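Let's take a friendly walk through a protein model. Have the sequence and the 3D view ready as you read.

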Amino acid sequence: MILCFDSFELDLNAFELRRDGEPISIEPRVLDFLAYLAKRPGQLFTKDEIMKTIWPDHVVAESSLSRCVSDARRALKDDPRSPRFIQTVHRRGFRFVASVRSVSNSGPARRASGRDPFIGRSEELSILGSELEQATAGRSRVVLIRGEPGIGKSRLLEEFAVQSVMASAQARFGRCREEDGAPAFWPWIQVIRDEASAMDDECIRRTFAECGLATAAPELLRWVPGAIVPRGEADPPSGFRMFDAFSRFLHAGCLESPRVVMLDDLHRCDLASLRLLSFVAAALADSRVLLVGTYRDVEMSRSVERSALVAALVRERSARVLQMRGLSVQDVAGSPRPHSVSRSPPLVWKSSTVGLAEIPSSSHS
Ligand SMILES: Nc1ncnc2c1ncn2[C@@H]1O[C@H](COP(=O)(O)OP(=O)(O)OP(=O)(O)O)[C@@H](O)[C@H]1O
Ligand SMILES: [Mg+2]
């Protein structure tokens, strides 16, 4: 569903805010807040209600909400003194004051701007949903989504992130970078940042101190707004102490609500990050966490070390492998034609089945 107001589109499927079709950079938590208000325009929500919804099972200071509101206003270029979108009702709470139109993006109606509507993948989403159920019950799970370039791995993650939020889990996202110069552990740094975006500065410092990340991996914290940055040069983080501290950090989050940690493009992941993934999968076996990784299978098979680490996840952590194939004729029938010419969805005009629990073939392990 897309909520349209003024020149904005709040896309609940793509989990994206756009203005005139252009994506706006916004923290996931701020997007949650905006979606919560905009779904019921005109309704007054107390601060308490909002905080319980946006930070379920998590006690946060009111300053976190204030920060969230001002970030949302900044994204919308809204002036609190004469609000067009978010109105503060003194001592009571907030309401969304613009008129909102909701548009389905799964039906045949094409949107005028933005990205293509999501097509099919109901089987994959249902598998991911049942893995999340297990993880939510305290049996952590690992799912590896593999397939050729452009088949729809990242898009599936985005759709599943929305589904996860609906299931009261919190989705965290890290993408492995193609460019040179990304620091070690870059995908995990993004996960830490995602976690920290829900906390105020005091909470960030306390959490990092308690789990041991502040001393075991000060270098990582340079990348986290609000964390105390160590003076001078610190050694690059590595080793058991850091892995253990990170696992405790993530476990603390899972105590509040289930976490879905999504790591996109593992075929270009730094080896240290892949080792941390293996460590976390073992250390948090009984935590409420679903670890989801994606990779291009051919490119993964070119790296012996990466392939070995991924194969070990399947062997030792019973990771489930989802082999992505082209969309089926049934999926595509009735769907609007994609409007992005350069990267259209993977339409394969044949029936497809999803390979469940496939063990990577020997070339991948
Ligand atoms: N199910 C779908 N419905 C609609 N569009 C889709 C779907 N799957 C993928 N697309 C679109 O196809 C394009 C390629 O998809 P995506 O980026 O997810 O591929 P990928 O497998 O992650 O590729 P890469 O290996 O290059 O990262 C994107 O524009 C995406 O929005
Ligand atoms: Mg991708």
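## A serine and some helices

S273 is buried, with a relative accessible area of 1%; buried means under 20%, exposed over 50%, and partly exposed in between, using a 1.4 Å probe and protein chains only. This is a predicted model, where local features need pLDDT of at least 70, side-chain atom pairs count only at pLDDT 80 or more, and totals for chains, interfaces and linings use all residues. Residues are numbered from 1 along each chain as its sequence is written, chains are lettered from A and ligands numbered from 1 in the order in which they are written, and side-chain values use heavy atoms, leaving out hydrogens and water.

You can find S273 in helix α11 (residues 271-283); helices are DSSP runs of H or I with at least four residues, and strands are runs of E with at least two, numbered from the N terminus. Leaving aside residues up to four places away in sequence, S273 touches F185, W186, P187 and W188, where contact means heavy atoms within 4.5 Å.

| Partner of the S273 side chain | Distance |
|---|---|
| D270 side chain | 2.7 Å |

Now look at helix α5 (residues 153-166): its 14 residues reach 20 Å from first C-alpha to last, close to the 20 Å expected at 1.5 Å a residue. That expected span is 1.5 Å times one less than the number of residues. Among the buried residues of α5 are L156, L157, F160 and V162. Just after α5, S168 takes a positive phi of about 65°.

Note on methods:
A polar contact is a pair of N or O atoms within 3.5 Å; within protein, one must be able to donate a hydrogen and the other to accept it, and residues adjacent in sequence count only if both atoms are side-chain atoms.
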